Amino acid sequence: MTATNEKITNSDNDTIACICGNTADSSGFYAYNSGNEVEPTLEDWDGESMFCAACLRVFRQSTGTVIDHPRSIRMLDGVVINRDD
Ligand SMILES: [Zn+2]
């Protein structure tokens, strides 16, 4: 885990905006678990960890606190997306 002071803006439940400029209407945000996109189910997901599909910052949905920033994430369809930076 990479601890940072970064925060994702979450002004209300429908409006999430990442530090990188991504929004739900752009690249979007997905449920995250251990380097993978997961279905947002009780079995696969903790109900909190989301990631930005544009920059791969991982954050807690309820607080917007960035909790990790992995180099790559495997999507549900098996495609691995990598950070640009
Ligand atoms: Zn982002």
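Two strands pair if DSSP finds at least two bridges between them. Strands (E, at least two residues) and helices (H or I, at least four) are DSSP runs, numbered from the N terminus.

The structure on display is a predicted model, in which local features need pLDDT of at least 70 and side-chain atom pairs count only at pLDDT 80 or more, while totals for chains, interfaces and linings use all residues. Residues are numbered from 1 along each chain as its sequence is written.

**The whole chain**

Begin with the chain in a cartoon view. It has 9 strands and 0 helices, in the order β-β-β-β-β-β-β-β-β along the sequence. Of its 85 residues, 19% are buried (20 or more other C-beta atoms within 10 Å of the residue's own; exposed means 12 or fewer, and partly exposed lies in between; C-beta atoms are placed from the backbone). Two residues are in contact if their C-beta atoms, placed from the backbone, lie within 7 Å. Among contacts with a separation of 6 or more, 40% join residues 24 or more positions apart.

**First stop: β3 and its partners**

Select A31 and M50 together. M50, in β5, is the bridge partner of A31. The pairing of β3 with β5 is antiparallel and has 3 bridges.

Next, select N33 and N36. N36, in β4, stands opposite N33. β3 and β4 also run antiparallel, joined by 2 bridges, and they form a hairpin with 2 residues between them.

Select S34, in the loop between β3 (29–33) and β4 (36–37). Its phi is positive, about 50°, although S34 is not a glycine. Is S34 buried or exposed? S34 is exposed, because 11 other C-beta atoms lie within 10 Å.

Select M50 and F51. These residues have the most contacts inside the largest nonpolar core, which has 14 residues. A nonpolar core is a set of buried Ala, Val, Leu, Ile, Met, Phe, Trp, Tyr and Cys residues joined through C-beta atoms within 7 Å. At least two residues of this core come from each of β3, β5 and β6.

Keep F51 selected and display its surroundings. Apart from neighbours within four places in sequence, F51 is in contact with F29, Y30, Y32, L56, R57, V58 and I73.

**Last stop: L56**

Finally, select L56, in the loop between β5 (49–52) and β6 (58–60). L56 has a positive phi, near 70°, and is a residue other than glycine. L56 counts as buried because it has 21 C-beta neighbours inside 10 Å.
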